[in-house]
Amino acid sequence: MKMAARPTPAANLAARASRAPTAQSHSGEQAVRWRGATYLLPALLFLGLFFLVPLLGLLLRGVLEPTPGLGNYEQLFASSAYSKVLFNTFAVASLVTLFSLLLGFPLAWAITLTPNGWGRWLLNIVLLSMWTSLLARTYSWLVLLQSSGVINSTLQSLGLINEPLAMVHNLTGVVIGMSYIMIPFIVLPLQATMSAIDPMVLQAGSICGASPLRSFFKVFLPLCRPGIFSGGLMVFVMSLGYYVTPALLGGAQNMMLPEFIIQQVQSFLNWGLASAAAALLILITLVLFYVYLKLQAESPVASSTAR
Amino acid sequence: MSAVITDTSQAAATPLVRLSKLNKHYGDFVAVDNLSLDIHEGEFLTFLGSSGSGKSTTLSMLAGFETPSSGEILVQGKSLINVPPHKRDIGMVFQRYSLFPHLSVRGNISFPLDIRKLAADECERRVEAMLKLVQLESFAHRRPSQLSGGQQQRVAIARALVYEPRILLMDEPLGALDKKLREDLQDELRHLHRRLGITIVYVTHDQEEAMRLSQRIAIFSHGRIVGLGTGQTLYQNPPNAFVASFLGNSNFLQGTLTGNASVQFEQQALAIKPQNLPLNSDVLLMVRPEKAQVLPLDAPTPLLTGWNEITAQVSEVVFLGDSLTCSVVTPGGSRLTVKALPHGQAPLHSGAQVRVRWAAADACVYSEWNAADLSKSAAH
């Protein structure tokens, strides 16, 4: 509601600026900056009604139900079962970020280095996997990883293992499945960053005396930093709130926060605790987003494009 | 060709770098064709040529970014062929600066020293000296993107010099800068070379830049060196018609040898420098526009001995401030350009009959040439 009212003072300001020629330079600039603001109205209205209001309602439930106060939050941090859910969430998100970075970095590099046509094909394959239904991809991992699945039966027939490995319905399965699903979100920003790097800069590094390994760590990796950060943070934030893959590949013992929220709502009708957990997730996401914005502003690529 | 490449003036000194029978093929395309060259300690040598002439490829092979298809690169007698770029101890300045965008000016300059793990105080001292040399002390903390093109190039030069390499390679380093800045930096570079005494190999397609900077110029065409020497020698005594037409402006007159020192050109006998060529062979005379004079038909000036005179018709006169460029056509249809000083003389008009004179000693004579060499456009 408040959002919707916002453009009005801006419109007033613009009107005032046109009336007062003495203050033209400063308020004129302001007027130009806010000139298009009225066009934001429909979107702001939509967001306000269907996103902010329900969100506010949810957050309020966290402090109002079942009794007003911070009881839900206390419960969330005090109970060892609940803090284990928090730990699981962070552990899985961190591991997924790490693995998808480790897998995505060479892939992005390969796409950047391969000559035009083939690089595009590689990129298209990555995109195609991203556009395929999430459920289909997650179930395929189930087929691969389950105890009678492709991997276990192959390893057993080769005589490498006697008992099937437990790779699904636990956090291992979640990490494997999500790392795969997150790779495109690493590859796309990273590949964009890498292709913007002038290859002559790497030649300059080597003529300055840096061996290929040192060139990589002292020149290439620092130049990839913006892509690593934006991709890594995106994956981390997405992993924190991911539901489908953990629900299918994970187990009932080791839940992540989104699963926990759904369980609280659907099984126990405990809206208060679910809201508190959701609020926590939003807070973490916002903090990470803030960090991301701070880092992006300082990145060398950002400053060179600002020129 | 081999007579051109052997430079007699500095033959006594042992070369710092010796390129011998260097070849580079890309599939069917021959980028560098059996090239041999000696580079002497402390000299400023420029590779001059149009794009695709093999000059940059030769430089890349020297730097180690390209591997020769065959041939040898020796530095102080040791082969460089299997030495990777980072172990060659060569400095290089790139066309588009190629500074490290994530490092400050100071970080860029100290990068080669950090790699070499120099002691902190020594590193500090050298970086300060370099910043002073390129006059960027007050910009030390800035990122390359916050500098102008000229400043970035000075950082690149400082980065290439700070580890005191044996050889400094420069690949069209001033190409991206505007004319005024380019001339300033050319002067700075020349002074820098004189002060430091470092060996510089410089690549450019700009002949004026080559003349302004270098002690010796190697002119590249189709992967070969077709002319090697000081700018003055190459300009005044081009070893072949290609160099003559490539460097500066030139007039070509085709004639037939009628004697040891005389040529038949369009029914006129011309004197030339004595040649050791068979009679009746075709020869090509080259006269620089500024070596020729143009006089009105009725001018009373007598013809000096050792000078040639032909009549021609003025087709165009262009005033260029410090000179007049006068295009004339001989009765046989040969076109000549004469650079005349705009003083004293009666003004020339197009259509007027004139006499064109030059000293026989100022004309170069060639017995072999390609038609393509004679038009300047073919060189570009």
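Mentor: The model is predicted, and local features need pLDDT of at least 70, side-chain atom pairs count only at pLDDT 80 or more, and totals for chains, interfaces and linings use all residues. Residues are numbered from 1 along each chain as its sequence is written, while chains are lettered from A and ligands numbered from 1 in the order in which they are written.

Trainee: At what angle do helix 3 and helix 4 of chain B pack?

Mentor: Helices here are DSSP runs of H or I with at least four residues, strands are E runs of at least two, and both are numbered from the N terminus. Axes are lines fitted to C-alpha atoms, for helices over the stretch in contact, and angles run from 0 to 180 degrees between N-to-C directions. Helix 3 (residues 105-115) and helix 4 (residues 120-133) of chain B have axes 10 Å apart, and their packing angle is about 130°.

Trainee: Which term describes helix 3 of chain B relative to helix 4 of chain B?

Mentor: Angles under 35 degrees count as roughly parallel, over 145 as roughly antiparallel, 65 to 115 as roughly perpendicular and the rest as oblique. Because helix 3 and helix 4 of chain B pack at about 130°, helix 3 of chain B is, relative to helix 4 of chain B, oblique.

Trainee: How many residues of helix 3 of chain B are buried?

Mentor: A residue is buried if 20 or more other C-beta atoms, placed from the backbone, lie within 10 Å of its own, exposed if 12 or fewer, and partly exposed in between. Among the buried residues are Ile109(B), Phe111(B) and Leu113(B). The cover over the buried residues includes helix 4 and helix 5 (149-161) of chain B. Of the eleven residues in helix 3 of chain B, the number buried is eight.

Trainee: Which element gives the largest share of the side of chain B that touches chain A?

Mentor: Residues are in contact if their C-beta atoms, placed from the backbone, lie within 7 Å, and the contact takes 20 residues from chain B and 19 residues from chain A. Strand 6 (90-93) and helix 3 of chain B are the elements giving two or more residues to the chain B side. The largest share, three residues, comes from helix 3 of chain B.

Trainee: How many residues of domain 2 of chain A are in contact with domain 1 of chain A?

Mentor: An automatic or database domain assignment supplies the bounds, giving domain 1 (1-64) and domain 2 (67-306) in chain A. Domain 1 of chain A contributes six residues to the contact, and domain 2 of chain A contributes ten.

Technical notes:
Contact = placed C-beta atoms within 7 Å.
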